[in-house]
Amino acid sequence: MSNAAGLRIVDLRLNVVATGNDIVDEINLTIEKGRVLGLVGESGSGKTTVGLAVLSHARRGVEVAHGQIFCGDTEVLGLDSEAKRKIRGGLVSYVPQDPASSLNPALRIGLQLLEVLEAHNFGGSDEARKARIKEMMAEVLLPTDDEYLERYPHQLSGGQQQRVGLAMAFACRPSVIVLDEPTTGLDVSTQEHVLKTIRQLTRDHGVAALYITHDLAVIADLADDVAVMYSGRVVEQGEVSEIFKNPAHPYTRHLVAAAPDIASKKSIVGLAGRAQSPGKRPVGCAFAPRCELAEDACRVEFPKMVSVGGRQTAACIKANQKVAVSVASSKAMSTRTRGEPAVELVSVSAGYSGNTVVHDVSLTVRKGECLALVGESGSGKTTVSRAIGGLHREWTGSIRLNGRELKPMARQRAIADRLAIQYVFQNPYGSLNPRRTVGDSIARPLVVDGKSKSGARQVVLDVLDKVSLPGSYANKYPDQLSGGERQRIAIARALVSEPEVLVCDEVTSALDVLVQAAIVDLLGDLRRQLGLAMLFVTHNLPLVRSIADEVAVMSEGRIVEVGPSESVIGNPQQQYTQSLISATPSIERSMR
Amino acid sequence: MSSENAGEAKFVDERPPSLVRQAFRLRRTQIGAVLALMLISVALIGPFLAPFGSTEYVDLPNTLSVPGTIFGTDYFGQDVLSRFLFGGRTILILAILATSIGITLGTTLGLTAAYLRGRADEAIMRALDVVLSFPQVLLSLVVISMFGPSNVLIIFTVGLSTTPRIARIIRGAAIGVVERDFISAAEALGESRKRVVFAEVLPNVTSSLLVEMNLRLTYSVGLIASLAFLGFTPEPNAANWGLMIQENRVALTEQPWGVILPTTALALLTIGTGLIGDGFSRVSAGIDRGGKGE
């Protein structure tokens, strides 16, 4: 296969039209044919903006200020709108994050595939096109029979939908493909299949692939090269092994340190501060305000890319000084003496309108310990946690708090029981009432408990301090806060009534990896200080290893394996757990 | 312990201005407000400025040039301007009261249906559909012709016939809100249903509520004026814009002011409230967000 450049981005800058502020700037990337470049960064770092620019598209209110993008020999930014339309799906194609919303729910998948081919006049006849569709379906490992092609998108699983999306993207033999977090909503085993398919197709057809993600482990597993973005700039790029083994930019080092890994019990470390939005970014290196190595020179101008060795380059004036960044955690992992049981579930079954989805689950969450409940989507883990929190009506069996039997719904429970079990929700954007100051939201459990509003005020300030937020935040509204801050507020609200049990439902899944590490750190500290019993519900296996003492693996509504997290993840006994763990991408495993 | 806020002392996010403030940045809302305020002040202050009484005989009927009057006399020899100045108050007050009833009931029912879901939702909404299936004017006419026109009856029929429309809109807006986690959070605390509905859900549908309130006020003004035009007023000779149009339309060619003044007033008032409502809906839908109006 030739090593000519499949995609070349030269000095690209995109602006907000209204203000002229840069969203991304100084983007220079080259992807050779048949290689996958992973573009990583936090949300808001501009990675999707770059991805869309490759399709010569900018979101409303955004414009290309300057730069060139070559797909093969064609410069795509200068094309007229008719020509742009022609290259999309043909020369360069796109796989979006959510397959469910990118396929037309009213059209059969066979027809949708045919449309792509017809739009680009691919294949001379209908027969040729039909043959090409079958070929594509086979390449993405889906059935090729007519019955399958007659299906509607909703008749397919998420992984199948995403593979149809891949088939559409590869249908007209593009030379460049942009994949925007295509596996984010998928379970690990499905993700593994999709990643395999992507790797296979790009290698076989010599496609240059730009893979956008926030998941470092996926990059380590899939990509050949990596570019790390921060605040609209590429701060480091190089081959996967170079970057992960020897990250040169302080930001990259923090990213790697914050990523949990299934292959080892690693204490993950977060980082203070947050990236600024366009127009508010500091002069010079955008990372300087959060960087412990920053000096005055960093605040003058954006650092030039310097070679670190091999193909690795980094935009940091200290890239070649091997100064240690303090990313090591000083915290010793807890040495455990088994706590008293706080919450006990005895053969709990639960369902929705007569359909049982949770079968005979028995669990014990002990004081001062963290039990992780892991499983793929639909395994019933959230239903279990909602039953504990008194948010699920239909369940049988027994849930006990300190030996006391609990009623099914929160409203039926005694107020002390309601306050003793606190629930932290998955999405911090949805769990706080946007019309109420966060101080009022936090104080609410106290007011329900009969405290006066003024009496609650001091407690609110104390609890804000516990989650490392200043007291002034009490007067803010949720929309003034970042995702991580909102999740801290949600945790503060859960802590204010001095609970014994904290149920955390996927609390980090909406957060960036550095923020996730900080929240996990906070939860660990609180658990140790306050002796909380914690149920940590998640699909994120690597994270479990970094946070939990015990782990229970759920599949199809049943507990398949339970035990200390080190032994369950390090040495799984059940086949299901083993397959789950082997499907989970890992940086350490990929670097071996 | 790490904290995310350490490096962001300078990062102060401004809160976006409230819906009302944003709406009043739009030219259309400003114009609407000026029109509505103008007509509301005519209706409320008018009676104090009227040169004659509302039913006072001034001169021969349908005369244009009568000394001491600006617009002449109407079909009954009463001063057109005085009738006009007196004639807005009833309509406006009736419309506001009727709309308040509709809003209160409609919001309560809509929020309750959205929050309770299931059978309660079905029961409430299907019952309202029955009311909705009658055209509003027809329903009001039937009721008023059965019991005779009285202000209270007009307020209630107009208010109740408005209720299902408001309930539908509010239910639609609330159905997405009740799914969000902060509602679950309130339930986990064991908050009462009433509090969840009115303290958690209601504040999150205010934009729909504002839009709907304006729209329904506009329609109620029109409806009550139409009822008066059709003769359904408690006092047959009371000054009333709707009634004025009906009384004076026969003499349109000789004495046009008796029709022009109330028609213009009703048009400007409904255009005004309509523009305000339109401004609110544009802002809440984000159409003109960031723009300066057109």
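A residue counts as buried here if 20 or more other C-beta atoms lie within 10 Å of its own. With that in hand, let's walk through this predicted model, starting with chain B.

**Chain B**

Of the 294 residues in chain B, 47% are buried. The chain has eleven helices and zero strands, so its pattern, read along the sequence, is α-α-α-α-α-α-α-α-α-α-α. The C-alpha trace of chain B spans about 90 × 50 × 30 Å along its principal axes.

**Where chain B meets chain A**

Chain B brings 25 residues to the contact, and chain A brings 44 residues. Which helix gives the most to the side of chain B that touches chain A? That is helix 7 (residues 181-188) of chain B, with six residues. By class, this side of chain B has eight nonpolar, eight polar and nine charged residues.

**Domains of chain A**

Chain A is divided into domain 1 (248-330) and domain 2, which is made of two segments, 341-428 and 500-591. The centres of these two domains of chain A, taken over C-alpha atoms, are 34 Å apart. In the contact between them, 16 residues of domain 1 of chain A touch 20 residues of domain 2 of chain A. The domain 1 side of that contact divides into nine nonpolar, four polar and three charged residues.

**A helix pair in chain A**

Helix 16 (residues 483-495) and helix 17 (residues 513-530) of chain A pack with their axes 10 Å apart, at an angle of about 15°. Because angles under 35 degrees count as roughly parallel, helix 16 of chain A is roughly parallel to helix 17 of chain A. The crossing of these two helices of chain A is right-handed.

From helix 16 of chain A, the contact residues include A:Gln487, A:Arg488, A:Ile491 and A:Leu495. Helix 17 of chain A answers with residues including A:Val515, A:Ile519, A:Leu522 and A:Leu526. By class, this helix contact has seven nonpolar, three polar and one charged residues.

**Contacts by residue class**

The table puts the class counts side by side.

| Helix 16 of chain A with helix 17 of chain A | seven residues | three residues | one residue |

Technical notes:
Residues are numbered from 1 along each chain as its sequence is written. Chains are lettered from A and ligands numbered from 1 in the order in which they are written. This is a predicted model: local features need pLDDT of at least 70, side-chain atom pairs count only at pLDDT 80 or more; totals for chains, interfaces and linings use all residues. Helices (H or I, at least four residues) and strands (E, at least two) are DSSP runs, numbered from the N terminus. A residue is buried if 20 or more other C-beta atoms lie within 10 Å of its own, exposed if 12 or fewer, and partly exposed in between; C-beta atoms are placed from the backbone. Axes are lines fitted to C-alpha atoms, for helices over the stretch in contact, and angles run from 0 to 180 degrees between N-to-C directions. Angles under 35 degrees count as roughly parallel, over 145 as roughly antiparallel, 65 to 115 as roughly perpendicular and the rest as oblique. A crossing is left-handed if the near helix is turned anticlockwise from the far one by less than a right angle, and right-handed if clockwise. Two residues are in contact if their C-beta atoms, placed from the backbone, lie within 7 Å. Ala, Val, Leu, Ile, Met, Phe, Trp, Tyr, Cys and Pro count as nonpolar, Asp, Glu, Lys and Arg as charged, and the others, Gly among them, as polar. Domain bounds come from an automatic or database domain assignment.
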